[in-house]
Amino acid sequence: MIAILSVLTLLAAQASPAADADRGERVLPAELCRGFWLMPVELEPGPSGVRHTLWFLHDTGASATYVEPDSIERVSGQRVETGARVRLSDASSGPLTINSLTARAAELDHLAIGLGRPIDGIMSVYALQDFLLTLDYPAGEMRIREGRLPRPDGRTVFSTRGPDGRPWLRVDLAGRERPLLIDSGAGGLTFAVNHIDRFSLVDEPRVLTSAVRFNRIERRRIARLDGDATVAGLRVQNPVLEEVPRSELLGGEILRHFVITLDQARKRVRFEPAFEGPIPATDHVELGAGLRPVPEGFEVFEVFPDTPAHAAGVLAGDLVTHYDGVAIAERGCVSSTDTDRLILTVVRDGIERDIEVMLDPVLPAPRP
């Protein structure tokens, strides 16, 4: 029987391998979607006999698990208020049985619009902490097994102790060593730092993009590091830094070059690079507009100077409904970054029009 109930206290997430599973590594039915890990959680049929699946974004940077109120109502018939705590039980994800997983109800429409596909929840880093969790970016596989990592050796296994209980890794940014949060929920990021002006940069940092964080929108300054970074022994040439006001991050654009095994219970992580490196500097592309997710797509609240959006004539107040003829909310996991142009369908003053945006890099890679 499905049990999705309001509870008064936060219960620890308890998950275990299915009863018939062996002690070896098991592959979870996760999907790697443009740098984000999406994990299906299948609920046991209730009285109606209908089997429901909820899709969670697995986020190593999240300290709490969240679920959409609309998703709760869809699978249980119960409406809960934003902020209420709910519990999922008698659920599974492939070989994984979820006995009890507590989540907080939160509106996640911005995630669904941003990813271009339905999202029912965010799964925190603590949900699978009883296992060794492997995020194999090159193979596109998420795996779990019982066991523990060896003690940190500073070469392949590292301590993840940091400012809080989430996993952190010490990273060298052109001679400045920083503890960065290992954040699988930051799929499009390389490095996010505080006080970007304190770093040696190729150019002056400028606002080029924005990010939605639940009930707030952050304008982000971006610049290229004048020097190299080193992540778990792998050199990254002249990476792009993005300024954030809170936790400094190690994002998916770097993580995708590794097979990462997390031992959250013992605060350890293994980083296995997919190649010898270095990771070369590449041209950095941004649309150059501040976007606010709305049910119809993206509302443009600001256009940043000297960017592709500005050159194409995109205006604040435009409602972007389609990318290359595909509705914003239906883009799915196909990336559009391999093209040098983008057709935006926008509604302006009640009139729909197409705008061709040439995606020239806002931060070209340094040339020899």
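**Strand pairing and side-chain contacts**

Author: Let us begin with strand β8 (residues 85-89), which pairs with β10 in the antiparallel sense over 4 bridges. Within β10, the residue opposite Arg85 is Arg104. Please note that this is a predicted model.

Reader: In which sense does strand β9 pair with β10, and over how many bridges?

Author: Strand β9 (residues 91-93) and β10 are antiparallel, with 3 bridges between them. Ser92 stands opposite Thr97 in β10.

Reader: How many residues lie between β9 and β10 in their hairpin?

Author: There are 2 residues between the two strands of that hairpin, and Gly94 in the turn has a positive phi of about 60°.

Reader: And strand β7: parallel or antiparallel to β10?

Author: Strand β7 (residues 66-67) pairs with β10 in the parallel sense, over 2 bridges. Here Val67 is placed opposite Ala105 of β10.

Reader: Turning to helix α1, which of its residues are buried?

Author: Helix α1 spans residues 69-76, and its buried residues are Pro69, Ser71, Ile72 and Val75. Viewed down the axis of α1, these buried residues fall within an arc of 160°, so they line one face of the helix. As a general point, an α-helix has 3.6 residues a turn, so residues three or four places apart point the same way.

Reader: What follows α1?

Author: Gly77 follows α1, and its phi is positive, near 80°.

Reader: Now the open sheet: in what order do its 9 strands run?

Author: The order is β18-β19-β22-β17-β23-β16-β15-β20-β21, and the pairing is mixed. The edge strands are β18 and β21 (234-237), each of which pairs on one side only.

Reader: Is β18 mostly covered or mostly open?

Author: Strand β18 (residues 206-213) is mostly covered, with 6 of its 8 residues buried. It is joined to strand β19 (residues 216-224) by 7 bridges, and the two run antiparallel. Arg213 stands opposite Arg216 in β19.

Reader: How many bridges pair β19 with strand β22?

Author: There are 3 bridges between β19 and strand β22 (residues 240-243), in the antiparallel sense. Ala223 has Leu241 in β22 as its bridge partner.

Reader: On to the covalent links. How many disulfides does the structure hold?

Author: The structure holds 1 disulfide. It joins Cys33 to Cys333, with an S to S distance of 2.1 Å. The pair links distant parts of the chain: Cys33 is in strand β4 (residues 31-33), Cys333 is in the loop between β29 (326-327) and β30 (341-348), and the two are 300 residues apart.

Reader: What is the handedness of the link between Cys33 and Cys333?

Author: That link is left-handed, with -105° about the S-S bond.

Reader: Why does Cys33 count as buried?

Author: Cys33 counts as buried because its relative accessibility is 0%, under the 20% cut-off. Cys333, at 24% relative accessibility, counts as partly exposed.

Reader: A change of topic: how many aromatic pairs are there?

Author: The count comes to 4 aromatic pairs. One of them is formed by Phe158 and Phe271, edge-to-face, at 6.5 Å centre to centre and with 80° between the planes. This pair links distant parts of the chain, since Phe158 is in strand β14 (residues 157-159) and Phe271 in strand β25 (residues 268-273), 113 residues apart.

Reader: What about Phe258 and Phe271?

Author: Phe258 and Phe271 also form an edge-to-face pair, 5.0 Å centre to centre and 80° between the planes. Phe258 lies in strand β24 (residues 258-263) and Phe271 in strand β25, so this pair ties together parts that are 13 residues apart in sequence.

Reader: Which residues form one aromatic cluster?

Author: Phe158, Phe258 and Phe271 form that cluster. Phe158 is buried at a relative accessible area of 13%, Phe271 is buried at 1%, and Phe258 is buried at 0%.

Reader: Finally, where does the charged end of Arg117 sit?

Author: The charged end of Arg117 sits over the ring of Trp55, 4.7 Å from its centre. Arg176 lies over the face of Phe199, at 4.8 Å from the ring centre.

How values were computed: Residues are numbered from 1 along each chain as its sequence is written. This is a predicted model: local features need pLDDT of at least 70, side-chain atom pairs count only at pLDDT 80 or more; totals for chains, interfaces and linings use all residues. Side-chain values use heavy atoms; hydrogens and water are left out. Buried means under 20% relative accessible area, exposed over 50%, partly exposed in between (1.4 Å probe, protein chains only). Two strands pair if DSSP finds at least two bridges between them. A disulfide is a pair of cysteine sulfur atoms within 2.5 Å. The arc is that of the directions from the helix axis to the C-beta atoms. Rings of Phe, Tyr and Trp (its six-membered ring) pair if their centres lie within 6.5 Å; planes under 30 degrees apart count as stacked, over 60 as edge-to-face and the rest as tilted. A charge sits over a ring if NZ of Lys or CZ of Arg is within 6 Å of the ring centre and within 35 degrees of the ring normal.
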